[in-house]
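The following exercises ask you to read a fold step by step from its sequence and coordinates. Work through each task before turning to its solution.

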Amino acid sequence: MRLRVESDVNRLVEVREFVREAVSTFGGSDRVAEDLVQAVDEATCNVMLHGYGHQPGAIEIEAALRDRRIEIRLLDRTPSFDPTATPAKDISKPPVSKRPGGMGVGIHLLRTMTDEVRHHVRPDGGNELTLVRSIDGPAEED
Amino acid sequence: MAMTIDVEQVAGDPPVTVVALDGELDASNYESVIDVVRTAYADGSRGLVFDLSGLAFMASSGLFALHSAVRIMRGEVPPDPEGGWGALHEMTQDRDSASSNVCLAETQEAIARVLDRTGMTRLFAMHANRAEAVAALQGG
């Protein structure tokens, strides 16, 4: 399954709907959909606001089920940014400014709501970010 | 799903504004929430209840809006959205925010999970419904 959206935060609603539909098609639970919707929204928003900024650009989103794991792949043409390289958050403390200009809360959310996040720089320019979530259980214990 | 914002003024001491959010709160509409809170404060409200009974989704931009509301209702300058997304990180270490004049009512499970996972639960008193929240702000 595939969706292509222009960089515009008003398109995030379509991105979330695409993820819900994909998880439903793959047979995932509402809870799995909820987690992936949150993670993909944060990742896509990050690309729109920080990657493209006010410049036009497109984001391609692909969803696939492999070995009982849902993989959502985001492809963009923005300068390289690896969200997996940011330090983990300590939520025992209130969120505070540690990295002005950063997007740490969103990245923290997308990490906690997935089982794996992979980032690759595309050979022809841009980023490939893959969010992986098991279809069978929660990403973390409640 | 778009988001609608319904505003209700509740007379009393202090005057309280109830802001009901219905739909999905994301990067496309969080500034509307901040604008509503600014107007409520300018109109004299000194307590605010977010009725979240109809809110199905909240992105990190929504967390920013909620935190901005705390600051606005304290008479402080909120983080400037035009100052960059980094303003989201300007959530202060106010340990007493749970007793602030911003409450949440009927928070749905999915939203509560987002608040919990970002350590923001402690910033807001949570109530079962809007009447309870208003009563708490107006001293019982």
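**Exercise 1. How many helices and how many strands are there in chain B?**

Before counting, note that this is a predicted model, in which local features need pLDDT of at least 70 and side-chain atom pairs count only at pLDDT 80 or more, while totals for chains, interfaces and linings use all residues. Residues are numbered from 1 along each chain as its sequence is written, and chains are lettered from A and ligands numbered from 1 in the order in which they are written.

Step 1. Helices (H or I, at least four residues) and strands (E, at least two) are taken as DSSP runs numbered from the N terminus. By this rule chain B has four helices and five strands, which follow one another from the N terminus as β-β-α-β-α-β-α-β-α.

Step 2. Chain A, treated likewise, has three helices and five strands, and its pattern along the sequence is β-α-α-β-β-α-β-β.

Step 3. Call a residue buried if 20 or more other C-beta atoms, placed from the backbone, lie within 10 Å of its own, exposed if 12 or fewer do, and partly exposed in between. Buried residues then amount to 48% of the 140 residues in chain B and to 37% of the 142 residues of chain A.

**Exercise 2. Determine the strand order of the sheet in chain A and follow its pairing from strand to strand.**

Step 1. Two strands pair if DSSP finds at least two bridges between them. On that basis the five strands of chain A form an open sheet in the order 1-2-3-5-4, with antiparallel pairing. Strand 1 and strand 4 (116-121) of chain A have a single partner strand each, so one side of each of these edge strands has no neighbour in the sheet. The twist from one strand to the next averages 15°, where axes are lines fitted to C-alpha atoms, for helices over the stretch in contact, and angles run from 0 to 180 degrees between N-to-C directions.

Step 2. Strand 1 (residues 2-6) of chain A is joined to strand 2 of chain A by five antiparallel bridges, and V5(A) has I59(A) as its bridge partner in strand 2.

Step 3. Strand 2 of chain A pairs with strand 3 (residues 69-76) of chain A over seven bridges, again antiparallel, with L65(A) facing I70(A) as bridge partner. The hairpin of these strands has two residues between them, and D67(A) takes a positive phi near 50° there.

**Exercise 3. Describe how helix 1 and helix 2 of chain B are arranged.**

Step 1. The axes of helix 1 (residues 30-42) and helix 2 (residues 60-73) of chain B come within 9 Å and cross at roughly 10°.

Step 2. Angles under 35 degrees count as roughly parallel, over 145 as roughly antiparallel, 65 to 115 as roughly perpendicular and the rest as oblique. The two helices of chain B are therefore roughly parallel to each other.

Step 3. Residues of helix 1 of chain B, among them V33(B), I34(B) and V37(B), meet residues of helix 2 of chain B that include F64(B), A65(B) and I72(B).

Terms used:
Two residues are in contact if their C-beta atoms, placed from the backbone, lie within 7 Å.
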